[in-house]
Amino acid sequence: MTATDIAASNTIAAALLGADYPNLRIRPEVQEGDNVAPGQILFRDAKYPEIAFAAPIQGRVTSIRLAARRMLSAVTLAPADASVVAPDDRIGPDQSIRDYLLARGMWPAFVSRPFGGPPHPDAKTAAIVVSAVPSSRVAPDPGDVLRGQSDAFTRGMEAIAELTDGSVHLCLANTSRIDAPALPRLQVHRRSERRWSSPAAQVARVAPASPGRATWTIGYQDVVAIGHLLETGRYDPVRRVALWSDTTRPAPTLNVPLGADLSQLLGQPGPEHQIWSGAAPSGRVSAFLGRHHLDASVVAHARPAPKKPHPIIPLAGLGRALPIRLPAIPLMRSLAVGDAETSARLGCLQLLEDDIAPLTAICTSGTDYARRLRDVLDRLRSDLS
């Protein structure tokens, strides 16, 4: 089956995951068993109902699972030949770009730094960073993905520029063949360093974020989806992703829906392996594709965590594991004990879970640094509110 066939056939299950939206409490607009179409609103942020979340496939809602304190765990969808018509509302003559993206489910494409998650619906940002750099050595080449989609990409970039009075930064690899659109406040950055593939590294270099100066990031394929939405009124849930395993080299790229069921794409892993969404070890173990991930793989099980925490051994690789240059070992120690003040001073506000996940894979202590980082970020955010 070709990539186009997979995108068009709607035979892949999908899910919207709480792991992509920290501390999100939802207000469902559908029930289990309902039929939905791509772009139909499934739920809203209970605190900020302007932020809508859309269905990525034509199908049936199979489960709405909530975690502790009624936070989103997962909304799962199974493909079904339902008669529900996909919405195709174009932007109104008096409707702002912001209101349109909020209403049509595209606002969650943005990630706000520091702290993560979609931006507040009324928030202003000092800068928006568009990442058009391969997220890993096997991820799709942005130049290949954007071939034939330059009009939608340009329209999406124009729309994004209307969301800020600051600069829009387009981050590219040194060898990128992408032609940047001519926009007044667009700054184009090209680099070849390994760390440049991470949005954290891009933000740190071109538009550093802080609690008083937010920076939003968005991926190049989401920019195309915004352009497509504005041109056609149709929500585009399809993304080009790379799927990698020990038996598939080079990694094939396929067009799949957001949140695609990875076991359908990669097969059920054996007892010694697990499915990983995102570039291992920066992503996470997951049955479904993460909202901002463009690759997935089958990898060998990580070593089991010790039953009791072990000391942090200052291995040389720890200092190189982070996407930006921070004092990794002191930061790990402060996160391990939940010292929010010291963690902030050491740079944790520049990181999100995917950025720090490699430390968990390398460190012998058994500490889940992504979870510890989230706890610290939530505490720091609460102290500021």
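Me: Which residues form one aromatic cluster here?

Reply: Tyr21, Phe43 and Phe53 form one aromatic cluster, where rings of Phe, Tyr and Trp (its six-membered ring) pair if their centres lie within 6.5 Å, and planes under 30 degrees apart count as stacked, over 60 as edge-to-face and the rest as tilted. This is a predicted model, in which local features need pLDDT of at least 70 and side-chain atom pairs count only at pLDDT 80 or more, while totals for chains, interfaces and linings use all residues. Residues are numbered from 1 along each chain as its sequence is written, and side-chain values use heavy atoms, with hydrogens and water left out.

Me: How many aromatic pairs does a search of the whole structure find?

Reply: The search finds five aromatic pairs. One of them joins tyrosine 21 and phenylalanine 53 edge-to-face, at 5.0 Å centre to centre with 75 degrees between the planes. Tyrosine 21 lies in the loop between β1 (14-17) and β2 and phenylalanine 53 in strand β5, so the pair ties together parts that are 32 residues apart in sequence; strands (E, at least two residues) and helices (H or I, at least four) are DSSP runs, numbered from the N terminus.

Me: Are tyrosine 21 and phenylalanine 53 buried or exposed?

Reply: Both tyrosine 21 and phenylalanine 53 are buried, which means under 20% relative accessible area, with exposed being over 50% and partly exposed in between (1.4 Å probe, protein chains only).

Me: New topic: in what order do the three strands form the open sheet?

Reply: The order is β2-β4-β5, with antiparallel pairing, and two strands pair if DSSP finds at least two bridges between them. β2 (26-28) and β5 (52-54) stand at the edges with a single partner strand each, so one side of each has no neighbour in the sheet. Between β2 and β4 (residues 41-45) there are three bridges, and arginine 27 has arginine 44 in β4 as its bridge partner.

Me: And which side chain meets arginine 44 in a salt bridge?

Reply: That is glutamate 29, at 2.6 Å, N to O; a salt bridge is a side-chain nitrogen of Lys or Arg within 4 Å of a carboxyl oxygen of Asp or Glu. Arginine 44 is buried, with a relative accessible area of 18%, whereas glutamate 29 is partly exposed at 41%.

Me: What about aspartate 222, which arginine does it form a salt bridge with?

Reply: Aspartate 222 forms a salt bridge with arginine 291, the closest N and O atoms being 3.1 Å apart. Aspartate 222 is buried, with a relative accessible area of 5%, and arginine 291 is buried at 9%.
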